[in-house]
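Please keep the sequence and the model open while reading.

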Amino acid sequence: MPATASETSSSAVIVAARTFDAPRDLVWKMWTDPEHTAKWWGPNGFTNTIEKMDVRPGGEFVLVMHGPDGTDYPNKFIFREVVKPERIAYSHVSGPLFEATTTFDEHDGKTTVTVRMEFATAELRNKVVEQFGADRGLEEELGKLDAYLKKMQRPDEFVISRLFDAPRDVVFRAWAEPAELQKWFGPKGAEIFYSKGEAKPGGVYHYAMRVRAMGEVWGRWVYREIVPPERLVWVNSFSDKDGGVTRHPMSPTWPAELLTTVTFDDEGGKTRVTVRWVPINAGDEERDTFIAAKESMKGGWTGTFDRLDEFLVT
Amino acid sequence: MTTTDHLSVTFAALADPTRRAILARLSKGEASVTELAAPFDMSLPAISKHLKVLETAGLITRGRDAQWRPCRIEAARLKEVSDWLDHYRRFWEESFDRLDEYLRELQKKEKKNARNSKRNK
C-alpha cells in the first residue's frame, strides 16, 4: 500500500511499504523476536540494545538506539494489538508520540510490510520529518531488514552469535592472538597442545587439539582480513601435522575449506561476537553436503527427533 | 557400508529441496506416492525416483503391500545428520562458554591491577 500524495504532504501520517522475498512467518519473526529485531531496527548506521520486548497487548518494548555518532536514544513502545502473523499496532510513548501499525501481507511466497505512523498533528509529523528525517529513516530501516533477511536466508551460511560482557578490543585480542586463543578455543575439556601462527593477512595459524571424543585434531586457519577490533576473516580447514589441508575424517564430501568471518560489534559496552561459516572453493557436492546438514537442523522433521528422544528416554 | 560412506549418501539424498519437502511431509505421518506427489508439479515417476534415493539412503522405508506402499520416515538416520551440524554448534557454544569465563578472569585481573597501581601512587 504505497503512500498517497495527500498522506505524505499535509497529513499527520508517515507511511512506508516494502516487499520482501521471504515467507510471512519469517518476516513476522524478524519483527517480534528481539534477537532479530535488534539487528536491523532503525535508520542506517544505528545499532540497538533491546532491554525488553514483550510482544502482547499491553506489553512493553524498551530499546536503546545507538546513533552513528555514539548518541544513545532511549525508546519505549507499548504494544496495542498483536495479530500473528498479520498485524501489530504499537504506541511510541517516550516521545515524539505516535501510533504505529505494521501489517504483513503474503502473496506468492513474498511478504509486503506496510508501516504506518500516525502523529497527533500534521505539525508534529512535519517537525519529526524535518528534524530527524523520520520518513527517510523508515525507508532505510526497511532496507536494513531486507539486507538482514537476505543474509538470514543464505542456505550455505552457518551463523552463531553471543554477547560478551567485555569491551570490544579485549574480546578481539582474545581471538587474534594465538597465545590467547590457546586458553579458550575448543569445546569443553579440549586442550590445545600446539598453537603457532600470526594473525596477519596471508598468515597461517596452525593448531592441534586434544578432544575427548575425537582424539587429536589438527587444524589450520589462513588469515584473509584482520580489522581490529571489528572483524577477522580466515579460511578454516582440517590439516595434518605439517599444515597440509586434509578432508574431514568422517565425511569425504564435507567442504575442505570454510570461510570463517568473525565480527565484533559493540552493544553498549558489551561485545557481540558473530561467527559465520560459508564453504569456499567448494564443488557442488561439498556445497550440497553443507546445505543438507544445515537444512536438517531446521527441517520440518525436527519434531521427529523430539519424538525419537522421548521414545529413547521411556 | 562404513559410517563415512553412509553419511555421504545421506547428505547427497538430503541435498535436494524436493526430497527435503517430502521428508517434512512424512514427519507428520506415513503417506502414499500419490499423496506425496500432490503438492509438487511433478510426474509420479519423477517422485518415485526421489523416493528411491531417500530409500537407498535409509531415510525412508516403504510398506510391502504391492498396491499401497506407504512411505515412512526413518528417524535414526536423520538424527545422525542433524547431530552433525549440532556437533559444530556445540563446538562454538562451548568455545563461547570458555571465552566468557576467560574474559571474566582477564577483567578481574585488570581491575585488581588498576586498584593496586592507584594505591601505589
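Predicted model: local features only at pLDDT ≥ 70, side-chain atom pairs only at ≥ 80, totals over all residues.

Which residue of β13(A) is the bridge partner of A:Phe238? The partner is A:Thr246.

## Strands around β12 of chain A

The bridge between A:Phe238 and A:Thr246 belongs to an antiparallel pairing of β12(A) with strand β13 (residues 245–246) of chain A, which has two bridges. The two strands make a hairpin with five residues between them. In that turn, A:Gly243 has a positive phi of about 95 degrees.

β12(A), which spans residues 231–239, is also joined to strand β11 (residues 215–227) of chain A by eight bridges, again antiparallel. Within this pair, A:Glu225 has A:Val233 of β12(A) as its bridge partner. Three residues connect β11(A) to β12(A) in a hairpin. A further antiparallel pairing, over six bridges, links β12(A) to strand β14 (residues 258–267) of chain A. Here A:Leu232 has A:Val262 in β14(A) as its bridge partner.

## The seven-stranded sheet of chain A

Chain A also has an open sheet of seven strands in the order β1-β7-β6-β5-β4-β3-β2, with antiparallel pairing. Its edge strands, β1 (13–20) and β2 (47–53) of chain A, each pair on one side only. From one strand to the next, the twist averages 20 degrees. Strands of a sheet pair through backbone hydrogen bonds, in either a parallel or an antiparallel sense.

A:His107 stands opposite A:Lys110 of β7(A). A hairpin with two residues between the strands is formed by β6(A) and β7(A), and A:Asp108 in its turn has a positive phi of about 50 degrees. Elsewhere in the sheet, strand β3 (residues 60–66) of chain A and strand β4 (residues 72–83) of chain A run antiparallel and are joined by seven bridges. The bridge partner of A:Leu63 in β4(A) is A:Asn75.

## A residue in an edge strand

A:Ile50 lies in strand β2 of chain A. A:Ile50 has 18, so it is partly exposed.

Leaving out residues up to four places away in sequence, A:Ile50 touches A:Pro34, A:Thr37, A:Ala38 and A:Leu63. A:Pro34 is 16 residues from A:Ile50 in sequence, yet their C-alpha atoms are 6.5 Å apart.

## Helices across the sheet

Two helices of chain A lie across strands of this sheet. Helix α2 (residues 24–32) of chain A lies across β1, β5 (87–92), β6 (98–107) and β7 (110–119) of chain A, and runs at about 155 degrees to β6(A). Helix α5 (residues 134–153) of chain A lies across β1 and β7 of chain A, at about 20 degrees to β1(A).

In α2(A), the buried residues are A:Arg24, A:Val27, A:Trp28 and A:Met30. Seen down the axis of α2(A), these buried residues fall within an arc of 155 degrees, so they line one face of the helix. They pack against β1, α3 (34–40), β6, β7 and α5 of chain A.

## Cores and the contact between chains

The largest nonpolar core has 25 residues. Those with the most contacts inside it are A:Ala292, B:Phe11, B:Leu54, B:Leu59, B:Ile60 and B:Val81. At least two residues of this core come from each of α8 (284–298) of chain A and α1, α2, α3 (33–37), α4 (44–56), β2 (71–73) and α5 of chain B. Beyond its neighbours within four places in sequence, B:Ile60 is in contact with residues including B:Leu26, B:Leu51, B:Cys71 and B:Ile73. A second, separate core has 22 residues, among them A:Ala176, A:Trp184, A:Phe264 and A:Val273.

The contact between the chains takes 34 residues from chain A and 35 residues from chain B. On the side of chain B that touches chain A, the elements giving two or more residues are α1 (3–14), α2 (17–26) and α5 (75–120) of chain B. α5(B) gives the most, with 22 residues. By class, this side of chain B has 20 nonpolar, seven polar and eight charged residues.

Conventions. Residues numbered from 1 in each chain as written. Chains lettered and ligands numbered in written order. Contact = placed C-beta atoms within 7 Å. Helix = DSSP H or I, 4+ residues; strand = E, 2+ residues; numbered from the N terminus. Nonpolar A, V, L, I, M, F, W, Y, C, P; charged D, E, K, R; others polar. Pairing = 2+ DSSP bridges. Axes fitted to C-alpha atoms, helices over the stretch in contact; angles between N-to-C directions. Buried ≥ 20, exposed ≤ 12 C-beta atoms within 10 Å, placed from the backbone. Arc of directions from axis to C-beta. Core = buried A, V, L, I, M, F, W, Y, C linked by C-beta atoms within 7 Å.
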